[in-house]
Amino acid sequence: MKKTICSALVTAAFCMSAPVLASDKVDVADTLITARQMLDVRTGKMIANPHILVRDGRIISVKQNASGADSKVQKIDLAGMTIVPGLIDMHVHLDTDPTYGGYSSLQYNDRFWSMLNVPHASRTLEAGFTTVRTLGSDAWNDIGLRQAIDEGKVPGPRIVAAAYSFGATGGHCDSTFFPPSMNQQSPFNADSPEEGRKRVREIRKHGAQVIKICATGGVFSHNTEPGQQQMSLKEMTAIAEEAHQWGIRVAAHAHGTSGIKDAIRAGIDTIEHASLIDDEGIALAKKHGTYLSMDIYNTDYTQSEGKKNGVMEDNLRKDREVADVQREGFRRAHAAGVKMVYGTDAGIYPHGENAKQFATMVKYGMTPVQAIQAATINAAEALASKDVGIIEAGRFADIVAVAGDPSKDVRVLENVAVVIKGGKIVKAQQK
């Protein structure tokens, strides 16, 4: 394995020995990861010469300028590189491909999308996103993919899966593109608080780790408008209570102003899109500690490529109408101190390009470090996870290395050199 690592990475110094503290009790299976510097996402500061000891996929210790060496430990020396925690995208659709828009997807068998899951997951991981939250998937595709990744059968990120998203009959999460003669509808529509509770139980039963609802209309559905509220406060409250009783969190697709505010009041954990959020909604999010996951980059792709991909003009019209409003809402929410996480809606634009949103977040008010924190420590907190998001003892050894300094130029994260998941190199920059 050491020979493979040495030949794959760009620096000739990659296989040089790196010291480990003599007091560390190492095993032949342990790995020591070193680099030029590491971003501490808790403080936002760079740590020079980090030494990260890994055992069984988890970090045992993180030290600076360690001295002493142990010949038993395997070494990964990322000489000259900056490392950050493995990145987290809180909103993806791995069984969706943006190059098939509108009705063009109907030329393919249902299982076609299941197959696309696999390369999409691989591209996402190689882009440095070692954890993702899938917020809506057909035919339990994300559940099966998660299981295959966890079993080591296919490469991909750690997946927190929602399986089917659901909402009101005729709403954004329903099937809205077909005439009544085709009898197309979501199997999980919920039109009362009682139905909402049952849907939580049904979807969780088959493997969902997070619940995704559609509180308002959407951009890429038919016969819905983003501003329309489509689930009541009572319905969303029942869903949130039921999910929390089972120990899982809830994400709400919510573009519209009233839907955003009722979702926050209902106890929903993350608001997706939040495109038309007003000042009252921002104040509510801050008061309740609700996380906003605002996909403020993808319009650049949908407006330039959507028509060519078959996206209907009505959907592109809605996309144009919310784009700038959403971005300014992001700026105001961040300035107000609302908790923000990194969610891209990848699948609306190509998988593997997830990191392009960082620069847009900086453009609309964040510092590079704050944008990175949205995709690391903030995202981990929103997931209630102590396994990912930070390079520290006890967490998974999920690490991304880049040649530049992302705390100064966040765009360097668009071209990661090395990806480590669970202490193992899954992407290495070629010479």
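Which residue in E13 is the bridge partner of Glu-272? It is Ser-293.

1. **Confidence.** This is a predicted model. The mean pLDDT of the protein chain is 93. Of its residues, 92% reach 70 or more. Residues 1–24 need care: over this stretch the pLDDT is below 50. The stretch still has 57 contacts in the model beyond near neighbours in sequence. Where pLDDT is low, the predicted coordinates should not be read in detail.

2. **The six-stranded sheet.** Start here when viewing the fold. Six strands form an open sheet in the order E9-E10-E11-E12-E13-E14, and the pairing is parallel. Its edges are strand E9 (166–167) and strand E14 (340–341). Each of these edge strands pairs on one side only. As background, strands of a sheet pair through backbone hydrogen bonds, either parallel or antiparallel.

3. **E11 beside E12.** Strand E11 covers residues 249–254, and strand E12 covers residues 270–273. The two run parallel and are joined by four bridges. Ala-254 has His-273 of E12 as its bridge partner. Ala-252 stands opposite Ile-271 in E12. Between the strands, the chain passes through helix H6 (residues 257–266), and this β-α-β crossover is right-handed.

4. **E12 beside E13.** Strand E13 spans residues 291–293. E12 and E13 pair in the parallel sense over three bridges. The Glu-272 and Ser-293 pair from the opening belongs here. Helix H7 (residues 279–288) carries the chain from E12 to E13, and this β-α-β crossover is right-handed.

5. **E6 and E7.** Leu-87 stands opposite Phe-129 in E7. Together with helix H2 (residues 110–126), E6 and E7 make a right-handed β-α-β unit.

6. **Helix H3.** This helix runs over residues 141–150. Its buried residues are Asn-141, Asp-142, Ile-143, Leu-145, Arg-146 and Ile-149. What covers them? The cover includes H2 and E7, along with strand E8 (158–161) and strand E16 (418–421). Just after H3, Gly-152 takes a positive phi of about 80°.

7. **Helix H9: length and bend.** H9 has 23 residues, and at 1.5 Å a residue these should span 33 Å. Its end C-alpha atoms are 34 Å apart, which agrees. H9 also has a kink of about 30°, centred on Ala-323. Ala-323 is one of the buried residues of the helix. Just after H9, Gly-337 takes a positive phi of about 90°.

8. **Gln-326.** This residue lies in helix H9 (residues 313–335). Is Gln-326 buried or exposed? Its relative accessibility is 4%, so Gln-326 counts as buried; the cut-off for buried is under 20%. Leaving out residues up to four places away in sequence, Gln-326 touches His-273, Ser-275, Met-294, Asp-295 and Ile-296. His-273 is also the partner of Ala-254 in the bridge noted in point 3.

9. Most residues other than glycine have a negative phi, and most peptide bonds are trans. Two residues deserve a look on that account. Asn-49 is not a glycine, yet it has a positive phi of about 50°. Asn-49 sits in the loop between strand E2 (45–48) and strand E3 (50–55). Its relative accessible area is 29%, so Asn-49 is partly exposed.

10. **Ala-384.** This residue is not a glycine either, and its phi is positive at about 55°. Ala-384 is placed in the loop between helix H12 (377–382) and strand E15 (399–402). With 53% relative accessibility, Ala-384 counts as exposed.

Notes: Residues numbered from 1 in each chain as written. Predicted model: local features only at pLDDT ≥ 70, side-chain atom pairs only at ≥ 80, totals over all residues. Heavy atoms only, no water. Buried < 20%, exposed > 50% of the residue type's maximum accessible area, 1.4 Å probe, protein only. Contact = heavy atoms within 4.5 Å. Pairing = 2+ DSSP bridges. Right-handed = clockwise from strand over helix to strand, strands pointing away. Expected span 1.5 Å × (residues − 1). Bend = angle between axes of the 7 residues up to and from the residue. pLDDT = per-residue confidence, 0-100.
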